Amino acid sequence: MTSIAANLQAVRLRVAAACGVAGRPVDSVQLLAVSKTWPADSVREAAAAGQRAFGESYAQEAVDKALELAELNLEWHFIGPMQSNKTRLVAENFGWVHSVDRLKIAERLAEQRPSGLAPLQFCIQVNVSGEASKSGCAADEALALGHAAAVLPNLRLRGLMAIPEPSDDSDLQRRRFAVLRQLRDRFAAEGLPVDTLSMGMSHDLEAAIMEGSTLVRVGTAIFGERRLA
Ligand SMILES: *Cc1c(COP(=O)(O)O)cnc(C)c1O
């Protein structure tokens, strides 16, 4: 039998096993359940099985779901591509955003974050795959963006995020994730301490945890294959 609760348990076991192999405490890796395209009832099912943090890529879809599930007090993370016309929805409705890849977006989020809410936690999305990927800022631009965005009001820089190109080669996966880990160390060396490495998805979370991931974003392994909308 597969159910969201059983899938969640299986993913928790994968995370724990990978932490064991990496010699890391199990609680050093947070699980973000990526519920994009799945209805509020699926989120409710995961929440009933103990999951609190959910990732969404489409702002309006996420806001509708969050409204429907408001009484559950869940934590919502925006992980999709950031467009200027979506910053207000994100600033007003999410606790976290993982996909800040340019200063203009960070500035809009800072300006639009309601002052009555806690600062919006954010990660800088970095392209660790070179020409094989288009999303995220270039690795050699991340530090400058970090310095500029870290001082904006109503935001709090928490870390770095990457989505490497899909690959079944675990050595390649690890090399990509290592780029983000090394960048995290450079942030720290330059006085920009970040505690979050948002990396690893359904097919590569083990490689990500070996390279220091603190937050894996898992959709398919929890909710099943997404159908095209
Ligand atoms: C969809 C998505 C995920 C989840 O991917 P799965 O392969 O379904 O686990 C993780 N991160 C981002 C940014 C996504 O868009």
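Entry 1, second pocket. I looked up which element gives most to the lining of the second largest pocket, and α3 has the largest share, with 3 residues. Helices (H or I, at least four residues) and strands (E, at least two) are DSSP runs, numbered from the N terminus. α3 (59–68) and β3 (75–78) each supply at least two residues of this lining. I noted 14 lining residues, with Ala 66, Leu 74, Trp 76, Asn 93 and Phe 94 nearest the centre. A pocket here is an open set of points on a 1 Å grid over the protein atoms alone, where a 1.4 Å probe fits, with protein on both sides within 12 Å along at least five of seven lines; lining residues have an atom within 4 Å of a point. The second largest pocket holds about 260 Å³ of space, a volume being the space filled by probe spheres set on the grid points, which are joined across faces, edges and corners. By class its lining has 9 nonpolar, 3 polar and 2 charged residues.

The model is predicted, so I kept to its limits: local features need pLDDT of at least 70, side-chain atom pairs need 80 or more, and totals for chains, interfaces and linings use all residues. Numbering runs from 1 along each chain as its sequence is written, and side-chain values use heavy atoms, without hydrogens or water.

I found about 470 Å³ of space in the largest pocket. Of its 23 lining residues, Lys 36, Ser 57, Ile 79, Ile 163 and Met 201 lie nearest the centre. The lining divides into 8 nonpolar, 9 polar and 6 charged residues. The ligand takes up the space of this pocket.

I checked polar contacts (N or O pairs within 3.5 Å). A polar side-chain atom of Lys 36 is 2.6 Å from a ligand oxygen, and one of Thr 220 is 2.5 Å from a ligand oxygen. For Gly 219 I found a polar backbone atom 2.9 Å from an oxygen atom of the ligand. The protein covers 89% of the 390 Å² of accessible area that the ligand has on its own (Shrake-Rupley method, 1.4 Å probe).

Definitions and conventions. Polar contact = N/O pair within 3.5 Å; in protein donor to acceptor, adjacent residues only side chain to side chain. Sits in = over half its atoms within 2 Å of the grid points. Nonpolar A, V, L, I, M, F, W, Y, C, P; charged D, E, K, R; others polar.
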